[in-house]
Amino acid sequence: MSADPLVRARGLTKSFRPRGGLFRPRGPAFNAVDRVDLDVMASEIVGLVGESGSGKSTLGRILIRLIEPDEGTVHFGGTDLLALQGEELRRNRRDFQIVFQDPYGSLNPRMKIGDAIGEPLTIHRLVDGRAQRDERVAELLDRVGLDPAMATRYPHEFSGGQRQRVGIARAIACGPRFIVADEPVSALDAPVQAQIVNLLVDLQEQLGLSYLFIAHDLQLVRRICQRVVVMYFGRVVEEASAGELYREPRHPYTRALLAATPSIVPGRPAAPALSGEPPSQTAAPEGCPFHPRCPEAIDDCRRRDPALIRIGEGHRVACHVVEKTLE
Ligand code: SF4
């Protein structure tokens, strides 16, 4: 594996202010993504896990510049992504794509799927004329396991799994190097999930792609990812190789998430199950944001925010109790 990551993000922070209502003022700003560092190597699948609202999707969208961060940097293949503008940004966009959880929502219901898949080819001027575009669309449909004759149909004529295949065909159309897969199978039935995951893994191998694979199914992440990043309340709280994270999770939140899927490591002592809800985004607790739910919290946890520290090769954890074991 090359020493230089394909994607290198440093200090990413993004805050939002909740919308107000007719009689309700706008709420205070909160950090959806808070000082996050993340690397994705070439041809690597990195899993990004955490509960809903932990900032996973926002982070994924920042990495491909669908959302602008307030602070931080993103380098893609050494290029400062956030400095790109206009034509230069448009040209670079073909290198990074997204597969959405709900492909139906991202497909124009009035556009034939052949046109939806062919659109980025035209935008990036990768085909010369209609015939060449149709030929390339047929290849892409075949590559994702759909009959090329389906190019003339509309999204509503497809099943959920078929629509996700269309979304994947659109994402790979321009030959990207990096794909953010944002919960790509969580809206699908189990047998269809397996087919879509197998397709994504096959494409990753065949095309040498890198994925940031956002999911809350930890079994799935373990099966396909080389490295796993755990987020809580907008922050990275643990990061390790998939093997190490599942063998020896250190952060109490990671252990609680894994406890909810006990079959992952047969025989591993049960960790305390996760109870309670994540803190309100607009009322962050003092100290470690996990402390109101943490069965291992000590006094320090209520006073100081733990730093993300390295505890081994490629293994980082943000937890006072883990830090104390190293002293
Ligand atoms: Fe729990 Fe404290 Fe570690 Fe936070 S810092 S995860 S509250 S033990």
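These legends accompany close-up views of a predicted model.

**View 1. The largest nonpolar core and its most connected residues.**

**View 2. The surroundings of I168.**

**View 3. A second, separate core.** Take a look here at a core of 30 residues. Its members include L12, I64, F96 and L212.

**View 4. Helices α6 and α7 side by side.** The axes of α6 (residues 160-172) and α7 come within 10 Å and cross at roughly 15 degrees. Because angles under 35 degrees count as roughly parallel, α6 is roughly parallel to α7. The contact draws on G161, Q164, R165, I168 and I172 of α6. From α7 come V192, Q195, I196, L199, L200, L203 and L207. The crossing of α6 past α7 is right-handed.

**View 5. Two cysteines, C174 and C294.** Are these residues buried or exposed? C174 has a relative accessible area of 3% and is buried. C294, at 17% relative accessibility, also counts as buried, because the cut-off for buried is under 20%. Searching the whole structure turns up zero disulfides.

Definitions and conventions: Residues numbered from 1 in each chain as written. Predicted model: local features only at pLDDT ≥ 70, side-chain atom pairs only at ≥ 80, totals over all residues. Heavy atoms only, no water. Disulfide = S-S within 2.5 Å. Buried < 20%, exposed > 50% of the residue type's maximum accessible area, 1.4 Å probe, protein only. Core = buried A, V, L, I, M, F, W, Y, C linked by side-chain atoms within 4.5 Å. Contact = heavy atoms within 4.5 Å. Axes fitted to C-alpha atoms, helices over the stretch in contact; angles between N-to-C directions. Helix = DSSP H or I, 4+ residues; strand = E, 2+ residues; numbered from the N terminus. Parallel < 35°, antiparallel > 145°, perpendicular 65-115°, else oblique. Left-handed = near helix turned anticlockwise from the far one by under 90°. Lists of a residue's contacts leave out its neighbours within four places in sequence.
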